[in-house]
Each structure stands twice: as structure tokens, then as C-alpha cells.
Amino acid sequence: MTSPDLPAELKAALDAKLRGFSRNDAAERAASISKTYRDGGGSGTIRFETDALAYALARMPATYAAVTASLNALCEIRPEFAPSTLLDIGAGPGTASWAAAEAFSSLQGFTLLDANDALRKLALDLVSESYRLREAVYERGEARNLLIRAEAADLVVASYMIGEIGEAERAALAALMWEKTRDTLLVVEPGTPAGYGRIIALRGRLIAAGAHVAAPCPHDGKCPLAPPDWCHFTQRLQRSRAHKQVKSAELPFEDEKFAYVALTREPVAARASRVLARPTVSKVEVTAKLCTPAGVTLARTPRRAKADYAVARRWRWGDAVMEER
């Protein structure tokens, strides 16, 4: 599994850009950008290099961790998947491309799409010294217009971007993303009820168009969860000193909550159940909420079943459980 922490090459590139950049200024800019996103806005407030740097410092580690966790889940279900080309939609500072490059040594061609000039410039600066990514093609413009003329790719990724567009635009973009997907489409969103709702709507629309779910769902049917419950996961990442400063945080780590779906052209061979919440471990049993091919169930593994109990004790939120228990 790929580490959720930023790779050393990316850390070094970010550190080089941050030399002489006021952490107080970064914190103020990051707070303003975050408020815009919380209020339903998008990346339009990121207009200058300093805005892009503040955004990258505050959000890139967590976004990278969420995309990496999603890719790890995909690789666990489809270990044979070896894409050679990537299409990164709404690429921002290139976070998903870096994550995919770490997850798949097979990737050779990287195409990034985004309308934001400041984020595009930062992304190109960050990859300029990268052996894997320095030849990446980064097209500037609205995703839908760029997708129409883009080449199809083995792996298409849209991370933290469909929430920035309206519902009607989302439907059209989903169809275009799937059209440009030769093999697998990964969509990652914040782990909020609204983010989950966007994932579920896209999932349903593309299953109807012939897609199959590889992860996290163990089926292509309707999501069995009912409000106020929603499907989301969490990934812990370590905070650097600069990351703590810009977020005015004390804890040395952050838990990023996210929702995702990986859709494939062909059905996957294995239908793994998924751990939907942090299991409860006691001296008597392990209790875990699982999404199975038959629906959601509360699995109880008693301690007297020693081998099964030992396995269940190691389950973590978001894990694939390859055998029904």
C-alpha cells in the first residue's frame, strides 16, 4: 500500500516554493479560501501564486492522503491493474497525479485539466524537477470543454472537484468522464453527507450507463444506507510543522474524511465486503458494520472463534473483507 504522506520529492518541491513565504500570511489566505469552499464556492478566490501556495500548504496533504487511500482500496481489489495513462480532471496543484504516480509505477502519460491559472502554474513548478511527472501535459480551461477534445486514458481521476459545479453540469461531466475512461474512473469527494450524495448520484448514473463498482461497494445495486447515515471513510496523515502553523493546529496529525467510488468497464472478479465504521473490539467479540453483497450487516465475531477473532481484531474502517463471516 502507498503511504498517505506526501512523497519526499513533492515535499522538497513544496519546501523550495515556501522559502520566504510568511506562515501568518499563508494562514490568513488559507482560512479565507477554506471559508469560500465551506460556503459553497470554488477555486475562484485562488488568483495569485501566494493564494495557490497557501491552499497547497493547507489542503494538499489531506487531499493527497484521501486520493491515496482510495487508490490503495482500488489496488487491493484489482492488484493486476496497471494503467499507462492518466487523465486528472480539476487537477488543481496536481495532487491526484502525484498520488497516482506513487500508486502505479506503470503510468507513463499524465494529462491534467483545470481552469485556475495560479494552481496550474504551481503544479507545473512542483513537477518541473520530477523524473516521473516533468513531462506532464497541463491544459488550462473548463473541464467540460477540455474533456470533449481530450484523449481517453486508462485511469481517469476527479478529486474534490464535482462539488464546485452545478447539478446539471455534473451530469454532463459524468457522462464525458466515463466516455474518456478506457478502464477505471475514480471520483473522490469530501466525506460529508453532501459529498456522499454527489458520489451516489454519479455512481447511479454511470452504473446505468454500463459501469461496474470496484470499490468501495461490494455490489452494483442501490446503496443500502439510509439517512442520516452516509458512506465515508477516514485517513490519518502526519502534519508537518508548516502544516500545523498554517492551520493553527496543535495535534501532530489530521484525520481526513472522504467519500469515493472507483468504477470500471468490466466487473471485478472479487466482491469484497467493506468495513463502514470503526469496529468495536471487546474481550467478548469484535463487532463491525459491514457493507456486503447482500446489504449492510452487523458482523459479530466471538472471541471463542480464535482464528476469526484474531483476523477481525485487525479490521480497520474502510478495509475490504474478502471473505464473508
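Trainee: What is the handedness of the crossing where H7 passes H8, right-handed or left-handed?
Mentor: This is a predicted model, and in it H7 passes H8 in a right-handed crossing.

Trainee: Which residues of H7 and H8 meet?
Mentor: H7 brings Arg 170, Ala 171, Ala 174, Met 177 and Trp 178, while H8 answers with Arg 198, Leu 202, Arg 205 and Leu 206. Sorted by class, that contact holds six nonpolar, no polar and three charged residues.

Trainee: What makes H1 oblique to H5?
Mentor: The axes of helix H1 (residues 8-18) and helix H5 (residues 117-127) cross at roughly 120 degrees and come within 9 Å. Roughly perpendicular stops at 115 and roughly antiparallel begins over 145, so this angle lands among the rest, and H1 is oblique to H5. Leu 10, Ala 13, Leu 14 and Lys 17 of H1 make the contact with Leu 122, Asp 125 and Leu 126 of H5. Those residues split into five nonpolar, no polar and two charged.

Trainee: And the core: which residues touch the most other members of the largest nonpolar core?
Mentor: Leu 71 and Phe 104 do, out of 73 residues. Helix H3 (residues 49-77) contributes the most to this core, 17 residues. Another core lies apart from it, with 29 residues, including Ile 89, Leu 113, Ala 150 and Cys 217.

Trainee: What is Phe 104 in contact with, leaving aside its neighbours within four places in sequence?
Mentor: Leu 71, Leu 74, Cys 75, Phe 81, Pro 83, Arg 132 and Leu 155.

Trainee: How do you know that Tyr 160 is buried?
Mentor: Buried means under 20% relative accessible area. Tyr 160 has 16%, so it qualifies. Tyr 160 sits in the loop between strand S4 (153-159) and H7, and its phi is near 55 degrees, a positive value in a residue other than glycine.

Trainee: Which peptide bond from Ala 215 is cis, and what is its omega?
Mentor: The one to Pro 216, with omega near 0 degrees. Pro 216 belongs to the loop between strand S6 (212-215) and strand S7 (233-238). Pro 228 is placed in the loop between S6 and S7, and a cis bond joins Pro 227 to Pro 228, with omega about 10 degrees.

Notes:
Residues are numbered from 1 along each chain as its sequence is written. This is a predicted model: local features need pLDDT of at least 70, side-chain atom pairs count only at pLDDT 80 or more; totals for chains, interfaces and linings use all residues. Side-chain values use heavy atoms; hydrogens and water are left out. A nonpolar core is a set of buried Ala, Val, Leu, Ile, Met, Phe, Trp, Tyr and Cys residues joined through side-chain atoms within 4.5 Å. Buried means under 20% relative accessible area, exposed over 50%, partly exposed in between (1.4 Å probe, protein chains only). Helices (H or I, at least four residues) and strands (E, at least two) are DSSP runs, numbered from the N terminus. Contact means heavy atoms within 4.5 Å. A crossing is left-handed if the near helix is turned anticlockwise from the far one by less than a right angle, and right-handed if clockwise. Ala, Val, Leu, Ile, Met, Phe, Trp, Tyr, Cys and Pro count as nonpolar, Asp, Glu, Lys and Arg as charged, and the others, Gly among them, as polar. Axes are lines fitted to C-alpha atoms, for helices over the stretch in contact, and angles run from 0 to 180 degrees between N-to-C directions. Angles under 35 degrees count as roughly parallel, over 145 as roughly antiparallel, 65 to 115 as roughly perpendicular and the rest as oblique.
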